[in-house]
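Have a look at the structure first, then read on.

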Amino acid sequence: MREPTYFVLASLLEGPGHGYAIIQRTTELSQGRVTVAVGTLYGALDRLVNDELVRVHSEEVVDGRFRRSYELTDAGRSALTDEAARMSIAATAVLSHAAMSTPKSGKRQPSRGIKPA
Amino acid sequence: MTTKLERNCRLLLRFYPRAYRKLRGPELVATLADSTPPNRSFPTFANTRSLATAGIRERIATSAGESPGDIRRWGAQSGSLLALGLQIGSRIPGGASTYAPAIPDPRLIVAFLALCLLSRTRSARSSIPVTLITLGVLWERIPPSERRMSGWHYPLLLFFASMSILPFVGRWTGSRRSLALPVSAVLLSYTFGTSFAVGSFMIFLLVASTLGATIDPRWSFSASYLLTVQILNVGSWLLLGRPEVSTLFVFQSLIIPCAVLLGFLACGTLGARRYVRLRST
């Protein structure tokens, strides 16, 4: 799953949202690191709707502008949770190794419990 | 009331195919307008670029299938149609083309059309050897005297015929609008000459690719196909006609086109892979 797709799904955890709301939530969730452009957003939404990870929640006209809201399906919630768990395992694997290395030299210490003299 | 911003947003939606605009148009315009800062009358550069990319990708998806093979096939088919149009345009009497020697032998034209029809039949689909063997038989049927008289003319035509037919062995992946390609190529070639037509097409593609306007990998394959036909034409002329030509001519007519061909192939391959990767994630 690509990062923008991951954050688009994550932004719908809060509840249903229309296109602009998803863009805003994505920026907030990623702390400004991921900004989804409109074309990218709708490409991702098309794929997610096709894969039945997201479905249309409601359609309305607000201030003369047509808005279609989307929500997560059960499959989408499950896929998002699985992806988050996978990334968490991957992050833990790296961070636990990083914690073992010395900060000054930056070299990794022996991993068999042998302390340097 | 429609604002200037919304009008410009609708203009940008032209990148998408009509069916997609009908389905998602109002929603996209609303999101685009919301995402644009209040003092602007045109969407931001990032949104414009993403709409162009996504719109063209959607167009490819609706017309050229989903695999790199489909994209390559579309490019080859369009390129062969262009090449066919250019060749026909250059051989119409009274046209601007200067090097066309004569109208080809009618038997070759009939054989060419018969092969095109044969390649469209179900039994001959995906049967490239059948096409090649038929071309070989056709070559053998040409009297040796005519072969000698015509010099490089017949091999060139056969090269062209084989190059043109091969992409059509199998499924047609382009839209009906693609059929406008040979017609425009005939007109361009007849009015301004083949060299001008090929040159202008290549320059247009190079400039459009440089400016980022053409990210469609199909056109890179199409251009590379057209270049291959031209390189084969010049190459067969040099090999079989054995004319006295300068090194500069060889450089201009073979080396540079080969380099450009490799560039187009690389762009097309990378573009097709990127397109498929983006669609599948």
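Arg68(A) and Glu27(B) form a salt bridge, with their closest N and O atoms 2.7 Å apart (a salt bridge being a side-chain nitrogen of Lys or Arg within 4 Å of a carboxyl oxygen of Asp or Glu). Arg68(A) sits in strand S2 (residues 65-72) of chain A and Glu27(B) in helix H2 of chain B, so this pair joins two chains. Keep in mind that this is a predicted model, where local features need pLDDT of at least 70, side-chain atom pairs count only at pLDDT 80 or more, and totals for chains, interfaces and linings use all residues. Residues are numbered from 1 along each chain as its sequence is written, chains are lettered from A in the order in which they are written, and side-chain values use heavy atoms, with hydrogens and water left out.

**Around Glu27(B)**
- Both Arg68(A) and Glu27(B) are buried (under 20% relative accessible area; exposed is over 50%, partly exposed in between, with a 1.4 Å probe and protein chains only).
- Shared partners tie Asp46(A), Glu59(A), Arg68(A), Arg24(B) and Glu27(B) into one salt-bridge network.

**The interface**
- On chain B, 23 residues are in contact with 16 residues of chain A (contact means heavy atoms within 4.5 Å).
- The rule finds five salt bridges across this interface.
- Helices H2 (18-35), H3 (45-64) and H12 (247-280) of chain B each give two or more residues to the side that touches chain A.
- H2(B) supplies the largest share of that side, 12 residues.

**Asn47(B)**
- Asn47(B) is in helix H3 of chain B and is buried, at 6% relative accessible area.
- Leaving aside neighbours within four places in sequence, Asn47(B) is in contact with Ala37(A), Val38(A), Leu32(B) and Ser35(B).

**A pair within chain A**
- Arg33(A) and Glu3(A) form a salt bridge, the closest N and O atoms being 2.6 Å apart.
- This pair links distant parts of the chain, 30 residues apart.
- Arg33(A) is exposed, at 56% relative accessible area, while Glu3(A) counts as partly exposed at 35%.

Key. Helices (H or I, at least four residues) and strands (E, at least two) are DSSP runs, numbered from the N terminus.
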